[in-house]
Every structure is written in structure tokens, then in C-alpha cells.
Amino acid sequence: SRTAGDGGKFLPFSETIELAQRYELPLVGYDYREKLCPEEIWSDLSLARSRHYATAAALLEGFVVREAGEGGRIAKARVEQLLEAMDRSSK
């Protein structure tokens, strides 16, 4: 967050990356995509059942999609919720 009184806004992700590098803090794996394609995203999400973090031997817990640049929109999804939704839609 930029300041404590700003309503809890997140920093742009590019600033988050810069701060992590400057202070040698770890970041979980991330993929930058110029533009999201729903078919590609659903395909990637379908692999989540057995996907591990790139930096730890642990199953992936979820995904966060952040708007690039100065955009502040953020979407979050837990793998277990995605798998339930995908199972329901395949019936």
C-alpha cells in the first residue's frame, strides 16, 4: 500500500517487483501477459490441480490477476474453488 490512509490500495505490480529486487525479498512466481486470452487462462487453470510454485515444492494455492501499469483492478481465485467450478461445468 502506498500509505496507510489510502484505503488499502495495492502498489502497481511493477513497483512491487522493483521493491522486492531492491530489498532482496522473494516473490512467488508470476507470468506477465500483455493481453489475457480466456481460453489460454482456463487451460492454464485446468493444470492447477498438479502445479507447484516455481520457487517452492508446494502445490499452488491460487492465482492473482493484476491489471498492468497504473490500473488497480485485482482478481483472485483459489485453486480449490476453480476445480470445483470446472467439475460442475463439465457435468
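A: A residue is called buried when its relative accessible area is under 20%, exposed when that area is over 50%, and partly exposed in between, using a 1.4 Å probe and protein chains only. The model is a predicted one, in which local features need pLDDT of at least 70 and side-chain atom pairs count only at pLDDT 80 or more, while totals for chains, interfaces and linings use all residues. Residues are numbered from 1 along each chain as its sequence is written, and side-chain values use heavy atoms, with hydrogens and water left out.

Q: Okay, so Ala48: buried or exposed?

A: Ala48 counts as buried because its relative accessible area is 2%.

Q: And where does Ala48 lie?

A: Ala48 sits in the loop between H2 and E1, where helices (H or I, at least four residues) and strands (E, at least two) are DSSP runs numbered from the N terminus.

Q: What does Ala48 touch, leaving out residues up to four places away in sequence?

A: With that exclusion, Ala48 touches Phe63 and Val79, a contact being heavy atoms within 4.5 Å. The C-alpha atoms of Ala48 and Phe63 are 9.4 Å apart, although 15 residues separate the two in sequence.

Q: Which residues make up the largest nonpolar core?

A: There are seven of them, namely Leu45, Ala48, Leu60, Phe63, Val79, Leu82 and Leu83; such a core is a set of buried Ala, Val, Leu, Ile, Met, Phe, Trp, Tyr and Cys residues joined through side-chain atoms within 4.5 Å.

Q: Which element gives the most to this core?

A: Helix H3, covering residues 79-89, gives the most, with three residues.

Q: Zooming out, how many helices and strands does the chain have?

A: The chain has three helices and two strands, and reading along the sequence gives the pattern α-α-β-β-α. Its C-alpha trace spans about 45 × 30 × 25 Å along the principal axes.

Q: How much of the chain counts as buried?

A: Of its 91 residues, 13% count as buried. The accessible surface of the chain comes to about 7,500 Å², with 55% of it belonging to carbon and sulfur atoms; these areas come from the Shrake-Rupley method with a 1.4 Å probe, and for residues only the protein chains shown count as cover.

Q: What about contacts between residues at least 6 apart in sequence, how many of those join residues at least 24 apart?

A: Among those contacts in the chain, 32% join residues at least 24 apart.

Q: Switching to charges, how many salt bridges are there?

A: If a salt bridge is taken as a side-chain nitrogen of Lys or Arg within 4 Å of a carboxyl oxygen of Asp or Glu, the count comes to one. It joins the side chains of Arg78 and Glu80, at 3.8 Å from N to O. As background, side chains of opposite charge can pair when their charged atoms come close.

Q: Why do Arg78 and Glu80 fall in the class they do?

A: Arg78 is partly exposed because its relative accessible area is 38%, and Glu80 is partly exposed because its value is 47%.

Q: Which residues form the nonpolar patch on the surface?

A: Phe10, Val64 and Ile74 form it, with about 280 Å² of accessible area together. Patches are made of residues with over 30% relative accessible area and no salt bridge, where like charges are joined within 9 Å and nonpolar side chains (Val, Leu, Ile, Met, Phe, Trp, Tyr) within 5 Å. Val64 lies in strand E1, residues 62-66, and counts as exposed because its relative accessible area is 52%.

Q: And the other strand, what is Ala77 in contact with beyond its neighbours within four places in sequence?

A: Ala77, which lies in strand E2 (residues 74-78), is in contact with Gly62, Phe63 and Leu82 once those neighbours are left aside. Ala77 is partly exposed, with a relative accessible area of 23%.

Q: Last topic, the loop between H1 and H2: what is the phi of Glu24 there?

A: Glu24, in the loop between H1 and H2, has a positive phi of about 55° although it is not a glycine. Glu24 is exposed, at 72% relative accessible area.

Q: Which side chain does Glu34 meet in a polar contact?

A: The side chain of Glu34 meets that of Tyr32 at 3.1 Å, a polar contact being a pair of N or O atoms within 3.5 Å where, within protein, one must be able to donate a hydrogen and the other to accept it, and where residues adjacent in sequence count only if both atoms are side-chain atoms. Glu34 lies in the loop between helix H1 (13-22) and helix H2 (38-46), and it counts as exposed because its relative accessibility is 69%.
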